[in-house]
Every structure is written in structure tokens, then in C-alpha cells.
Amino acid sequence: MSTMTYKCPCCGAPLAFSGASGKLACASCGNEYDPDAIEALTGDSGSNIQFDRPEDGYSAGDAASMQAYTCEACGAELVTDGTTTATECPYCGSPTILPERISSGVRPEVVVPFKITKEQAQQQFEGYFQGKKLMPNVFLNSRNRVADMRKLYVPYWLFNCDARADMAFDAEREQVQRQGDWEITRTEHWLIRRAGGMSFKDIPVDGSEKMDDKISESLEPYDMREAVPFQPAVLAGAMADNADVNAEACESRAVERVERSVENTIRSTVKGYDRVSVRRSSIQSENGRVKPALMPVWLITTEKQEQGGKKTYTFAINGQTGELTCDVPYDRGKAAKWFLLFFAIITAAGLGLLALLDSLNMWFAPLLLAAVVAFAVVGSMQAKLKTAVRQSAAGNYLQRDSFHLEINEDRYLYTTTSKRRIQTQSGPKK
Ligand SMILES: [Zn+2]
Ligand SMILES: [Zn+2]
């Protein structure tokens, strides 16, 4: 430790080791520190999370009892079992799908089977339209298209790993005291260090280019306890999409989610401070492995003419849990109409009342009230339209009992004091 110059965390001046106290002392501000604490301030930062990616193709046995299709319209590559005849593309609805021989593709290891029937999915879809006043008309018309609901197995990559994190935080604890006309704030500065491990199981990242990540992530979670080993017969009556985004390309998304979950989990063990910030964070993974899987989704797509061409909107229902998601925007025209309606009614009623009370000089009050109410009403209508959102972390996939702390240290560093003269002289305040 002697060859390196350490800086005082309080004032930045160089620290010198004092043989007498066994501490690092600052000649400039007079603080003294444990060498261990100072060492912990300056560890490595960064993360290194990796996954092995075994990718086996379909066996000859699989291929014999499977059928592949390519959609001429959107390019989707699909597979199903030999007994199912596909008549339209599950993504775009095009009937021009051409049968092909199974040639490429990654063999899924596991499949989560459908539990939600077509009838249940249709009910879910119908129910979604109830009370949605801002739903664009084109989608209201698409209710008639529930018959086109398509049963699709979406390819996912499931990421598993054990993660080890070593993090340091700067934490502050504040105490405010009054002495006469002065308010004195004492801030204790602490260095917090936590190191520990945790395991993640089956973090899903969809491997389909045609499936928007926002849609697939808002369909989560799937209960993997119901997953079965893949065999072609599982696909009967449904289509499966071949993974066209490889595991390597999906890995960064899994890494992002692992990092955020690890940091959240470790951070949640730092308690009792007024302010906490991350000083450094280092995350390593072990036993990282990715496995290909198929997840059940009921899909309805609707095309809408917009400026710049047709846009495809998607309704998707998790085939295991019934969770519905969509990327349907609210109708701006309808929102404006509802706003004006409420605004006009409240303004008219308010002005009428003021006229009766002979106080029309208050005319602005009903206008203001009307604007606020109309805004709130339209806002609540908007909130009823669920829109797909991405998941920020992988907390759902953290194995709770796998979390353990190996280093759990809170080290006091130094205290700063600041004084402020209190302006008011009107006696002590609580
Ligand atoms: Zn100092
Ligand atoms: Zn298609």
C-alpha cells in the first residue's frame, strides 16, 4: 500500500500512513481512515457477463415429422408438425406461404404449452375494448377479425447464470440541530461495501425479428415450471417461428437486465442513510448458459393507413397466462373531441351560475376549472389503453434464496459540518 498515493476522500489531499495509529492520515483536513476502507474505494469497475451458447439443429428424426414454411409477403420462416397444414402467415396474415423442407433452424430445448384456449383469448380480446373511448376506429372494426386470431410459438432465448457483484457506495447520514439563531447540519460520510452472489434462471429474450421486443417483454412472465421438452408433436395446430435473431445478438439485452437486477438487489441491502450513490460496481458471471425455447402467444395484427404508408399494429395474448398487450396508440381526434365536450359543458354551466349570482367578472374561474377537469378526464381515458412497455430488470428471474452477501461492511469515513443562520426570529420551530 505504500507505493501508491491515496487521496483523502474528504478533501482530496494525499494521505500518509501513520505507523503509530495504523491509519492513513490527512495532513490537510486532519481526518484519519482505516487502510482497508481506502483500499475499497479504489477497486475495479465494470462487468463481464457471458453465456455459453450451444445451438443444435433439428435432428433427422425431427425433420421427418415436421414441415417448414416461408411467408412470401413478410419473409417469416415458420415450422410446424407434419399433421398441421398452415394456410396463412401468423405475423402478417398473408395466405401466400410456401411449404419447404426443414433445413436450418435451432432446435428448441423446451416449450411452454398453450393453456389459454382460442375462446378464452377471444374473450380477453373483446373485453379489452370495453370502456376504451379513445380506441381508434380501425381497431374497433378489427374486433370482427377475432376469427383471424393466430396461434404462434414465439422463439426465445432463456439466459441462466450465477452473478457475483462487488459494489461500493458513498452514503450520507444527515443530522440537523438548532443552536440559537443557527441551524447546524452535520453530515456523516460512509463508505459502504457489499459483495455477494445470486442466480438468475430463464431470463427470456425473444429471438424473433418480427416480434417487437416491447410486445414480447410485456407478455412476461411465463411460468417455466410448466415447460416440456421439445418434440415436433407439441406444435400440432400451431406454428412456430424460427429464431432469426441469434443468441449472441440477444445476449446484450440479457446482460443489461442482469446488471440492473444485480445492482438493485445489492443496493436494497444498503439501509439507514439519507443519500446513497454508487461509487463503483463490478459484476462477473459464472456458469452462464443460454437455451432456446418456444413460448405460446395468441396474435392479432391490424394494418392502419398512416402518413408514410401502412403500419402494422399488434395485439398479443400470453398463451399461458392470458396477459394481453398491444402497441395501439390512442386516437388524437377522439381525445380532442372529448376534451372540447367536457370543457364546453363545464364552462357553460359555470358561466350560467355566475350570471345568476351577478358575478360575471369572475368569468375566468369556470374556464380554468373546465380545462383542469377536461384534462383529467381525457388523461384517465388515455391511461386505460395499455401500451406495451419494456422490462427494466430481471427481478422476476432472480432465484430469491440464491442471494447471499459475502462482504457486508459499512465504514465511517468523516463528518462535515455546515452552519446556516436562521432568517425568522419568531421562536423555535419543530
Ligand atoms: Zn483531507
Ligand atoms: Zn407473413
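In this predicted model, the face of helix α3 that is turned away from its buried side carries the exposed residues E119, E126 and G127. The buried residues of α3, a helix that spans residues 118-128, are A121, F125 and Y128. These three lie on the same side of α3, because they cover an arc of only 60° around the axis.

|---|---|---|
| β5 (66-71) and β6 (77-81) | 5 bridges | M66 and D81 |
| β6 and β12 (239-241) | 2 bridges | V79 and A240 |
| β1 and β2 (23-26) | 4 bridges | F17 and L24 |

Strands β5 and β6 form a hairpin with 5 residues between the strands, and in this hairpin G75 takes a positive phi near 85°.

Elsewhere, 3 strands form an open sheet in the order β1-β2-β3, with antiparallel pairing. Strands β1 (15-18) and β3 (32-33) stand at the edges of this sheet and have a single partner strand each, so that one side of each is left without a neighbour in the sheet. Within the pairing of β1 with β2, which is made through 4 bridges, F17 stands opposite L24.

Definitions and conventions
Residues are numbered from 1 along each chain as its sequence is written. Chains are lettered from A and ligands numbered from 1 in the order in which they are written. This is a predicted model: local features need pLDDT of at least 70, side-chain atom pairs count only at pLDDT 80 or more; totals for chains, interfaces and linings use all residues. A residue is buried if 20 or more other C-beta atoms lie within 10 Å of its own, exposed if 12 or fewer, and partly exposed in between; C-beta atoms are placed from the backbone. The arc is that of the directions from the helix axis to the C-beta atoms. Two strands pair if DSSP finds at least two bridges between them.
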